[in-house]
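Reader: I have a new model on my screen and would like a friendly tour of it. Please start with the overall layout and then go into the details.

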Amino acid sequence: MIPGGGQPNMQQLLQQAQKMQQDLANAQEELARTEVDGQAGGGLVKATVTGAGELRALKIDPKAVDPEDTDTLADLVVAAVQAANENAQALQQQKLGPLAQGLGGSGIPGLPF
């Protein structure tokens, strides 16, 4: 509802929607460029993902490599990637959360909020 009971200005609403759409596109582009890290095993395995969740790099310290115990290395890799993805989700919430609230707080399909 518009304060005072007036009818909404459709042109103004359209302009606001277009601005929100552009702001969302800009935020998504920024997320795709921004990299965040996650680590496991006290830094023995480090994963880098974009703010959009794309795995970009994986670094494994030679100390983590034991040919007799590849299961532990695999667990460290999974944990590092999960940590990086959690950091990416936090960044998504930080960048996109205010935009979702501007859309009425109903959330945006495909986004975790």
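Reader: How many helices and strands are there in the chain?

Author: Before we count, note that this is a predicted model, in which local features need pLDDT of at least 70 and side-chain atom pairs count only at pLDDT 80 or more, while totals for chains, interfaces and linings use all residues. Residues are numbered from 1 along each chain as its sequence is written, and side-chain values use heavy atoms, with hydrogens and water left out. Helices (H or I, at least four residues) and strands (E, at least two) are DSSP runs, numbered from the N terminus. Read from the N terminus on, the elements run α-β-β-β-α, which gives 2 helices and 3 strands.

Reader: What share of the chain do buried residues make up?

Author: Buried means under 20% relative accessible area, exposed means over 50%, and partly exposed lies in between (1.4 Å probe, protein chains only). With that cut-off applied to the 113 residues of the chain, the buried share is 25%.

Reader: Let's turn to the strands. What is their order in the open sheet?

Author: Two strands count as paired if DSSP finds at least two bridges between them. S1 (residues 35-40) and S2 (residues 45-50) are joined in the antiparallel sense by 6 bridges, and S2 and S3 pair in that sense too, over 5 bridges. The open sheet of 3 strands therefore has antiparallel pairing and the order S1-S2-S3.

Reader: Which strands stand at the edges, each with a single partner?

Author: An edge strand has one partner strand, so one of its sides is left without a neighbour in the sheet. The strands in that position are S1 and S3.

Reader: What is the bridge partner of threonine 48 in S3?

Author: Threonine 48 belongs to S2, where aspartate 37 stands opposite it. In S3, its bridge partner is alanine 57.

Reader: Which residue in the turn of the S1 and S2 hairpin has a positive phi?

Author: The hairpin has 4 residues between its two strands, and alanine 40 stands opposite valine 45 in S2. The turn residue with a positive phi, about 65°, is glycine 41.

Reader: And which residue has a positive phi in the turn of the S2 and S3 hairpin?

Author: Here, too, the strands have 4 residues between them. The phi in this turn is about 95°, and it belongs to glycine 53.

Reader: Which residues form the covered face of S1?

Author: In a regular strand the side chains alternate between the two faces of the sheet. In S1, Glu35, Asp37 and Gln39 lie on the uncovered face. The covered face consists of Val36, Gly38 and Ala40.

Reader: How many salt bridges does the structure hold?

Author: A salt bridge is a side-chain nitrogen of Lys or Arg within 4 Å of a carboxyl oxygen of Asp or Glu. One of them links lysine 19 and aspartate 23, with the closest N and O atoms 2.8 Å apart. The structure holds 4.

Reader: Why are lysine 19 and aspartate 23 separated by about one helical turn?

Author: Lysine 19 is exposed at 51% relative accessible area, whereas aspartate 23 is partly exposed at 27%. Both sit in helix H1 (residues 10-33), and the separation is about one helical turn because they are 4 residues apart.

Reader: Which residues do salt bridges with shared partners join into one network?

Author: Glutamate 35 pairs with arginine 56 at 3.5 Å between the closest N and O atoms. As glutamate 35 lies in S1 and arginine 56 in S3 (residues 55-60), this pair ties together parts that are 21 residues apart in sequence. Arginine 56 also meets glutamate 54, at 3.4 Å from N to O. The network is thus made of Glu35, Glu54 and Arg56.
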